[in-house]
Amino acid sequence: MHLDHIGIAVADLEATNELIERLLGRAHYKIENVEEQGVSTSFFTAGETGEAKIELVGGVRAGNAIDKFIGKRGQGLHHLAFKVDDIEAELERLKTAGFDVLPGYPSLGADSMRVAFLHPRSTSGVLVEICQPIEANAV
């Protein structure tokens, strides 16, 4: 398991895209709607190797989880995402270790990933995403 990306909840995806582009000196490499979750995402590479990513997440329909999150906590850190080889095996390991997996997962997520989330009550208040690439079974 290794850090894949940091998710940031934003109220205005377009404006935040411009801000992060100025900050990093490069444009996002992908914008994608995740209809099932009612959100739109934008991905930037970060770091020298570009291996780490920043995901901006904004709501696109009423009642989505990002707008609810922003209403409670404001814009900012939404989740830490860790990439794994086998999401089912990792979720079983995490459940055995005492972490609470949110119901309804794994599901299809952005950036060609299967995703699942650990409830923040079991991770010191931080939403944790576990993700596995759809195209490959390797990290």
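This is a predicted model: local features need pLDDT of at least 70, side-chain atom pairs count only at pLDDT 80 or more; totals for chains, interfaces and linings use all residues.
## Strand β1 and its neighbours

His5 sits opposite Lys53 of strand β4. β1 and β4 run parallel, with 5 bridges joining them.

Strand β1 (residues 2–9) also pairs with strand β5 (residues 76–83), this time antiparallel and through 7 bridges. Over on that side, His2 has Lys83 of β5 as its bridge partner.

## Leu56 in β4

Back to β4, which spans residues 52–59 and includes Leu56.

Leaving aside residues up to four places away in sequence, Leu56 touches a list of residues including Ile8, Val10, Leu13, Ile20 and Phe44. Thr16, Asn17, Ser40, Thr41 and Ser42 are among its contacts too. Leu127 is 71 residues away from Leu56 along the chain, and their C-alpha atoms are 15 Å apart.

## Helix α3: one side in, two ends

Helix α3 covers residues 87–96, and its buried residues are Ile87, Glu90, Leu91 and Leu94. These four span an arc of only 100 degrees around the axis, so they end up on the same side of α3. What do the buried residues of α3 pack against? They pack against β7 (113–118) and β8 (127–133).

As for the ends, Asp86 caps the N-terminal one, with a side-chain oxygen 3.3 Å from the backbone nitrogen of Glu88. After α3 comes Gly98, which has a positive phi, near 100 degrees.

Methods. Residues are numbered from 1 along each chain as its sequence is written. Side-chain values use heavy atoms; hydrogens and water are left out. Contact means heavy atoms within 4.5 Å. Two strands pair if DSSP finds at least two bridges between them. Buried means under 20% relative accessible area, exposed over 50%, partly exposed in between (1.4 Å probe, protein chains only). The arc is that of the directions from the helix axis to the C-beta atoms. A polar contact is a pair of N or O atoms within 3.5 Å; within protein, one must be able to donate a hydrogen and the other to accept it, and residues adjacent in sequence count only if both atoms are side-chain atoms.
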